[in-house]
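Student: Please take one part of this structure and look at it closely. Then show me another part and the chain as a whole.

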Amino acid sequence: MYLSHLRLTDFRSYEHLDLALGPGTNVFAGPNGHGKTNLVEAVHFLATLESHRVAGDQPLIRSGCEMATVSARVQAGVGDDRSLSVAVEIRAGQSNRAQLNKAAVRPREILGAVRTVVFAPEDLAIVRGDPAARRAFIDELVVTRWPRIAGVRAEYDRALKQKTALLKALSGRGQRHGGGGAEETLDVWDEAIARLGAQVVAARLRTIDDIHPMLETNYDGIAPVPSRATMAYQSSSVPLETSSDVDEVREYLAGKIEQRRGEEIARGVCLVGPHRDDLSLSLGDLPVKGYASHGEGWSFALALRLASLDLLHDDGVEPILILDDVFAELDEHRRTRVVQAVTSVEQALVTVAVRRDLPDNLAATMYDVEPGIVVCASGAAPGEGTGS
């Protein structure tokens, strides 16, 4: 899979951009603040409907505008003439719109048209940050593998929002003041949380089982000091040894929800479900968070992304690899491993502030990035990008 064309309108710093791309490695070089990361952020947004930099969509719209558009032509592969077009309209204060081959679809129906693996400085938050960053990592990988899970997550989030609102209304009043109707309504949301949450948890568990040996292998291949890298699911709702069977997970969730109902009502908070879970990341016998050095943290984050790439390859998926300003942070050993990953994909998009940060053995098509403009700097390259 690779993008042959990327078009942006009022996305971040770009009023308009029409950029031709080719397979292989494409490097975007320019000073910080000139818009390099905005380009790869747009590609990742097409793949996930989320930014790897900010939580909401509003910052993606150019200042003073009401809407941004990201569209692309996606080729099935090198030597494969099949292609499709995909586009998203990001609208301020309104629901986004999407098109697949110029036909209007719900935004989540474009998931799977573009698939990416991103390694960026923000990835340190996965190993050092709050549980939300680790949940975001595993859920993004789950949706990349099985796009339908995006719909399950959206339904789960709606059920969670409704249940939380009801719990807050009941909080402090006790069930006898809530009335039978409120209790029956709570039963409905409890069933939805268990049913939908089980699908999310089961997909996470299966993905962790599949990626775990790849994580170990990749960490061994990049860390200067050998140490066993491990990952495990951490949940107060399901036991550690739970399988990825959806029915088994649903039974655990339903039982825990029933057990903690009184506590949930008293506190006005939904205490059971995948929104409360975490990933346990360890080196040897110690957790990465709080114990790993800066270099070990970088190695672990990189190993997670390289393992994700290996997992998708095993699934028969050829994702676009995005490296966002990471070479400056890597030593020679880690750079060599990243270059190996770059050569394993049909297309890689790389950003650097200065060209000397690039490994000498990285063959690539070079683009110069100036504010609002991207120009191919490699002579007879796949094409030129223009912006205004």
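Tutor: Start with burial: a residue is buried under 20% relative accessible area, exposed over 50%, and partly exposed in between, using a 1.4 Å probe on protein chains only. Two notes on reading what follows. Residues are numbered from 1 along each chain as its sequence is written, and side-chain values use heavy atoms, leaving out hydrogens and water. This is a predicted model, in which local features need pLDDT of at least 70, side-chain atom pairs count only at pLDDT 80 or more, and totals for chains, interfaces and linings use all residues.

Now histidine 52. Its relative accessibility is 17%, so histidine 52 counts as buried. Histidine 52 sits in the loop between helix 1 (36–48) and strand 4 (67–77). Helices (H or I, at least four residues) and strands (E, at least two) are DSSP runs, numbered from the N terminus. Leaving out residues up to four places away in sequence, histidine 52 touches Thr37, Glu41, His44, Val118, Ala120, Glu122 and Asp324. A contact here means heavy atoms within 4.5 Å. With aspartate 324, the side chain of histidine 52 makes a polar contact of 3.2 Å. That term covers a pair of N or O atoms within 3.5 Å; within protein, one must be able to donate a hydrogen and the other to accept it, and residues adjacent in sequence count only if both atoms are side-chain atoms.

Three strands make an open sheet in the order 9-10-11, with antiparallel pairing. Two strands pair if DSSP finds at least two bridges between them. Strand 9 and strand 10 (residues 278–283) are joined by six bridges. Tyrosine 233 has leucine 279 as its bridge partner in strand 10. Helix 3 (residues 131–145) packs on the sheet, touches strand 9 and strand 10, and makes about 95 degrees with the direction of strand 10. Axes are lines fitted to C-alpha atoms, for helices over the stretch in contact, with angles from 0 to 180 degrees between N-to-C directions. Helix 8 (residues 294–314) lies across strand 9 and strand 10, at about 120 degrees to strand 10.

Finally, the whole chain. The protein chain has nine helices and 16 strands. Of its 388 residues, 52% count as buried. Among contacts between residues at least 6 apart in sequence, 69% join residues at least 24 apart. The C-alpha trace spans about 75 × 50 × 35 Å along its principal axes.
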